[in-house]
Amino acid sequence: MTSPIEAIYFALTEAARFQQAFEERRFDVLDREKMDAFWTLPRTDDKGDLICGKAAGQQLFDTMVRLVERSSYRGRINLKLLYGAYKREIMLRFVDQNQDFSDENADAAFEAALAPSLTRLGNFTHIIPCHLVMAKNPDRLELGPVTFWRRETYWSKVSDMLAAHESMRTSPGIDADDISAYYGMFDWLAEVHVVNCEEEPSREIAQRMAWSAIDCVQLLIGVGSLERMNLGGVAIASDRRSHVILQGDRIASLQMTLQGRDVTLGDETWSQMEFPDVRHVLDLMATAIAEAYRLPKPAIVSERFIDAVHWFGLAMRDTEPSSRLIMMIMAIERLLLPLKASGIESAVRSRSEPFIEWEKHNRRVEAIYAARGKLAHGQLSARAPEVIEACRDAQKLAQAVLVEVLCYCDYRALRDMNVTLEMMQLSLINYARASVERRKLNCKPTT
């Protein structure tokens, strides 16, 4: 692995090589790699940039990223801004000031470049429009750092801040009315809190947390048409679609469908979110979201659950049974297989059994994997009845495994920073074995 000082030295020597070639009018040095011209180092006299080439520039950037990843600021820093500052420090220290090529001077250059980023760290709240459900009561659903609000309940607060911002504006900019019009096309808002982060990376984290929260809601509701749950995107009043059918040289039929923006869910069903047992699961999900996005290091169990929910959510937004089947299996395996298993299907079969009650468990899991295997290797059509049936069972299995494993882990495991993948796997194995023993005891005849 390249050290920081090695990356710095390579970048500067490559810049010198390109500069020498240009002075000799050998511009063919750019012919081998067309992207070389886009990787540069800034001159400190503000007289343009020096080309260092893609290989050197990429190596320098990757080395800087590794330094950030090993620090307590992992995930918090705007890498684009930091890279610009890092290159300026390198040119200032090793070119203008002619400092020695030492590890100490390389570390000092990185720390100096990082300093402005640290002054920009702050707590940010992101307001993200989303499509959720048609129900209005309750008009608020809290999931840790993410809170979903009915727009009519929350927007007045934002509207007042927009008006204040507009009154202080001294130059042309984004029109507050355009912002309001866009948000007005959505019935729900996700309020997401991100702490101790630069603004741009906080936006990416907020988007991911909001998606995780939507995926958790989808997992808990578990009804059809959930592909309509969405975050941001194109603002439309309704999804109106037309279809023309011809027969010979005449119109045989004209069809039109109108699909709502949100999941058709009434207040009676949506209000179940406030039931104590449902609220308990929601609180576990909230804990998982908070701990999975903990910076600089997430809690392993929470991260695994949120990763699994991500695949489940993608599957639920997909309309093809074939791709849904594959993603449902990925959700199951992400949670049940912390480490590589020699027999994946048998491991999933044994570890999933305690978390779902259905007849012919082993046979159904085998059928799921058989359909996935045939599909992946071209032996089965994506529209085959076998795929559709396997997809239906995979969804049931994934939903049960994700919810029940979450409840099995409980708050302590979700928050525990000392849990390892080995510990997580051993716990799942032992729980499955204990479940088998319990069934054996229950099957013993009484005397």
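Student: How much space lies in the largest pocket?

Tutor: The model is a predicted one, in which local features need pLDDT of at least 70 and side-chain atom pairs count only at pLDDT 80 or more, while totals for chains, interfaces and linings use all residues. Residues are numbered from 1 along each chain as its sequence is written, and side-chain values use heavy atoms, with hydrogens and water left out. On a 1 Å grid over the protein atoms alone, a pocket is an open set of points where a 1.4 Å probe fits, with protein on both sides within 12 Å along at least five of seven lines, and its lining residues have an atom within 4 Å of a point. Taking volume as the space filled by probe spheres set on the points, which are joined across faces, edges and corners, the largest pocket holds about 930 Å³.

Student: Which element gives the most to the lining of the largest pocket?

Tutor: The lining has 30 residues, with Thr125, His126, Ile127, Ile179 and Tyr183 nearest the centre of the pocket. Strand E3 (122-131) and helices H5 (151-168), H6 (176-183) and H7 (199-221) each supply at least two residues; helices (H or I, at least four residues) and strands (E, at least two) are DSSP runs numbered from the N terminus. The element that gives the most, with 8 residues, is H5.

Student: How many residues in the lining of the second largest pocket are charged?

Tutor: This pocket has about 630 Å³ of space, and of its 29 lining residues the closest to the centre are Glu204, Ile205, Arg208, Tyr293 and Leu295. H7 gives the most to this lining, with 8 residues. Ala, Val, Leu, Ile, Met, Phe, Trp, Tyr, Cys and Pro count as nonpolar, Asp, Glu, Lys and Arg as charged, and the others, Gly among them, as polar. The lining then divides into 14 nonpolar and 4 polar residues, and the number charged is 11.

Student: What is the N to O distance in the salt bridge of Arg43 and Asp45?

Tutor: A salt bridge is a side-chain nitrogen of Lys or Arg within 4 Å of a carboxyl oxygen of Asp or Glu, and the whole structure has 16 of them. For Arg43 and Asp45, the N to O distance is 2.6 Å.

Student: How many residues apart are Asp307 and Arg334?

Tutor: The closest N and O atoms of this salt bridge are 2.7 Å apart. Asp307 lies in helix H10 and Arg334 in helix H11 (residues 321-336), so the pair links distant parts of the chain, and the separation is 27 residues.

Student: Is Arg349 buried or exposed?

Tutor: Arg349 meets Glu366 in a salt bridge of 3.8 Å, N to O, and a network of salt bridges links Glu345, Arg349 and Glu366. Buried means under 20% relative accessible area, exposed over 50%, and partly exposed in between (1.4 Å probe, protein chains only). Glu366, at 36%, is partly exposed. Because its relative accessibility is 19%, Arg349 counts as buried.

Student: Which side chain does Ser323 join in a polar contact?

Tutor: Ser323 is found in helix H11 and is partly exposed, at 22% relative accessible area. A polar contact is a pair of N or O atoms within 3.5 Å; within protein, one must be able to donate a hydrogen and the other to accept it, and residues adjacent in sequence count only if both atoms are side-chain atoms. At 2.9 Å, the side chain that Ser323 contacts is that of Asp318.
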